[in-house]
Amino acid sequence: MPYTEPVESANGRIREVTVGAGESSVAIGGAAALPFHWFDGEAPRRPMIAMEVFDATPAEWAPALTGALGDVMSDPATWARANVEQHGADMVCVQLASTDPNGADATPQDAAAVVRAVADAVRVPVVVYGCGNAERDADVLKKVAETVTDTVLAIGPATEDNYKAVTAAALGYGHVVVAETPIDVNMAKQLNILITQMGLDADRIIVDPSTGAVGYGVEYGYTVMERLRLAALVQNDDMTQMPMICNLGKEVWRSKEARASEQDEPAWGDAAKRGVLWEATTAITLAVGGADVLVMRHPDAVAVVRKALSGLTA
Amino acid sequence: MALTGLDIFKQLPKTNCGDCGVPTCLAFAMKLAQGGAELSQCPHVSEEAAAALSDAAAPPMRAVTVGTGDAAFTVGEETVLFRHDKTFVHPCAIGPRIDSGTSDDEIAAAVATTKAAAFERVQQHLACGFAAVRSTADAARFAAVAADVAEKSGLPLVLMAEDPEHMSAALDAVGPSRPLIHAATEANAEAMIALASEHSCPLAVRASGLDAVAALTEKAAAAGLKELVIDSAPESAAAALRDHVFARRAALKQKFAPLGYPVITFPGDHADGDPMLETVYAAVDVAKYGSIIVLSGAEPWRMLPLLVLRQNVYTDPQRPMRAEAKVYEIGAPGPDSPFLVTTNFSLTYFIVSSEIEASKIPAYLGVVDAEGLSVLTAWAAGKFVPERIAKFVNDSAIAENVSHHDIIIPGAVAQISGELAEELEAWNVLVGPYEAADIPAFLKARAG
């Protein structure tokens with residue numbers, strides 16, 4: 001019996017979203033095939049890796065992580081430069097964790113100054129995540145958007161509770177919106193509709209479908225992303241054709257499996273390798289699910305995932 | 001090509017006798033069409049009809065069982081490309097490769113590592129599924145190492161050799177344990193097929209590209225072998241993914257029988273000797289259609305993420321995993337430690353317990369049987385309600401373990417606190433945070 005290659009070409013295509021400034025701007029998305037299905041159709045680029053910096057020195061991080069990052073963590077601009085120059089980050093993701101009103105309660109002005117410093121320190125695009133408090137994020141992201149206008153930022157998370165303010169800020173200052181919904185195909189689509197109805201171009205939205213780490217619900221994010229990709233490519237549903245971003249570093253490094261020392265969990269083996277692999281296996285699973293941008297933390301995880309992304313791209 | 005349920009129905013006796021275990025011939029035909037039944041279950045089907053239906057009656061992807069007894073594993077019989085369509089059927093088996101040319105000490109150490117890579121998670125035992133032994137010395141050594149590894153590991157074997165004489169020697173030693181023979185190639189196919197027939201063992205075929213693989217499986221099938229595994233010897237990780245996707249599509253969508261077999265993968269072939277990169281490629285194989293994944297080693301730091309990922313990917317998306325309902329001790333709690341309750345949805349349990357752990361405040365966590373639902377869903381479905389929680393508390397020994405009577409419930413079900421206080425008269429019901437992420441701050445504030 002003769003074998004015919006079962007190639008399946010797509011009916012739709014993922015949008016291209018451009019972030020960054022001038023010559024250092026970067027396009028993400030753009031594929032007309034499922035992730036790494038280069039044999040089915042055009043897949044112009046591999047997923048990008050955005051390495052995290054925090055607006056204040058993180059406390060209580062795993063030793064495997066702080067040891068690998070070194071003493072850059074007290075200064076976001078230095079940290080961002082190390083991410084790009086030493087670790088080859090495609091982008092930098094500023095996590096404005098200290099703006100949390102229940103935490104350090106840093107002001108929108110403080111946050112904007114951090115983003116300004118990071119954007120000045122690197123020549124790669126910058127993603128900005130607020131603390132996750134919808135009300136505070138609206139204020140913070142507005143200030144960030146109006147302060148840093150010489151590059152296209154990706155700002156978020158815009159949620160159903162604050163998308164109007166975040167979208168208005170992006171519209172006013174030429175930025176891209178990261179639209180976050182809780183692991184649900186229809187809610188992701190609905191938020192895209194609401195944001196575009198405010199007048200933002202559909203190719204200025206990146207979807208954050210929410211995710212968990214391996215062992216903490218990675219399969220939910222993975223499956224929602226696969227379904228969104230199939231809707232985009234097979235059904236040509238234009239409100240699902242946005243590139244996707246996975247904010248996975250914080251999920252991974254919260255897990256016991258990534259953090260526990262070998263003394264605490266002798267049966268789990270070498271803590272440094274285990275932590276790196278927890279992040280790397282989570283990242284690659286989400287990339288296979290459909291992530292176009294992976295927000296990552298550990299330099300060694302970034303290095304091994306970058307090799308794998310290249311290896312999977314023909 | 002695939003037949004529809006109606007095509008099949010036309011060939012059946014249409015007596016609705018129910019002898020096949022399905023009430024009507026039409027329902028049986030529908031099951032056949034979906035690969036959920038075998039034509040042989042109908043005792044009355046005519047020979048002509050059986051011949052006409054044989055294509056449709058064969059499952060689109062064969063089952064392959066490696067090993068015997070409790071340690072045996074079965075792969076194959078997959079019915080979908082995406083896990084949201086239908087649960088993946090047989091979790092892939094993952095195990096290490098051990099070379100016969102290495103020293104006895106190294107082999108003993110590799111076997112010990114393999115056995116030690118075993119973990120309990122959500123009431124499932126996660127462990128290596130097999131040990132692969134590769135011939136890198138002479139035939140007698142291969143046979144001796146295979147026998148040794150089989151005995152010491154207790155695991156099914158994958159025997160890897162290209163020389164049929166080596167394979168024959170090893171099969172003489174361990175043949176009755178049904179190892180997987182890897183591999184029949186274009187150069188040795190006749191001899192390997194004969195060995196697989198003689199020893200009734202599953203056989204992997206290895207050739208460059210799916211075309212060549214299909215030619216080999218047809219040859220093996222013509223010789224009467226049914227349990228085959230395919231290896232397309234991909235030259236890169238990108239080619240491996242392509243071959244896995246094409247083989248699965250060819251089997252399920254084109255009903256192309258020569259590729260309707262599970263796939264064996266060697267992610268280390270594309271990793272330049274880097275075990276971290278190998279593990280990341282193995283994660284891709286877990287998600288995308290690897291059924292037997294052979295690694296260069298089974299150290300716990302890589303087996304844990306891979307086995308947990310496998311558990312995640314192969315979970316029924318419609319039926320969430322459940323944690324065992326009981327009182328968990330987190331840290332080393334004492335009589336003054338806080339007592340919290342939540343539901344037994346595995347994700348809820350994992351997230352709440354890891355947040356408590358992150359707080360560094362030892363605590364008791366009561367995981368109530370809420371039929372595997374998350375807190376809000378369980379409350380809405382009447383599965384995480386005061387009567388259930390009270391019964392759980394009263395049935396447990398928690399009252400004897402703590403000197404206080406404070407029970408902390410999730411903030412998402414704050415509305416049940418009054419009713420729960422009535423059910424649990426001896427207890428003070430406290431409302432904890434809405435989000436698990438706020439548990440550390442909550443516990444620290446309480447601890448003052």
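Which side chains meet in a salt bridge at 3.5 Å, N to O? They are those of Lys256(A) and Glu357(B). A salt bridge here is a side-chain nitrogen of Lys or Arg within 4 Å of a carboxyl oxygen of Asp or Glu. Lys256(A) lies in helix H9 (residues 256-259) of chain A and Glu357(B) in helix H12 (residues 346-359) of chain B, so the pair joins two chains.

Some housekeeping. This is a predicted model, in which local features need pLDDT of at least 70 and side-chain atom pairs count only at pLDDT 80 or more, while totals for chains, interfaces and linings use all residues. Residues are numbered from 1 along each chain as its sequence is written, chains are lettered from A and ligands numbered from 1 in the order in which they are written, and side-chain values use heavy atoms, leaving out hydrogens and water.

Lys256(A) is partly exposed at 26% relative accessibility, and Glu357(B) is partly exposed at 33%. Buried means under 20% relative accessible area, exposed over 50%, and partly exposed in between, with a 1.4 Å probe and protein chains only. Over all chains there are 35 salt bridges. Another one, at 3.6 Å from N to O, is between Arg254(A) and Glu251(A). Arg254(A) is partly exposed at 33%, whereas Glu251(A) is buried at 17%. There is also a network of salt bridges that links Glu8(A), Asp40(A), Arg249(B) and Lys253(B).

Now the strands. Helices (H or I, at least four residues) and strands (E, at least two) are DSSP runs, numbered from the N terminus. Two strands pair if DSSP finds at least two bridges between them. In chain B, eight strands form an open sheet with parallel pairing, in the order S10-S9-S8-S7-S6-S3-S12-S11. Its edge strands are S10 (228-231) and S11 (264-265), each pairing on one side only.

What is the bridge partner of Ile98(B) in S6(B)? It is Val133(B). The two strands concerned, S3 (residues 93-99) and S6 (residues 131-134) of chain B, pair in the parallel sense over three bridges.

Chain A has a parallel pair too: strand S6 (residues 154-158) and S7(A) pair over three bridges. Ala154(A) stands opposite Val176(A) in S7(A). Is strand S7 (residues 176-180) of chain A mostly covered or mostly open? Mostly covered: four of its five residues are buried.
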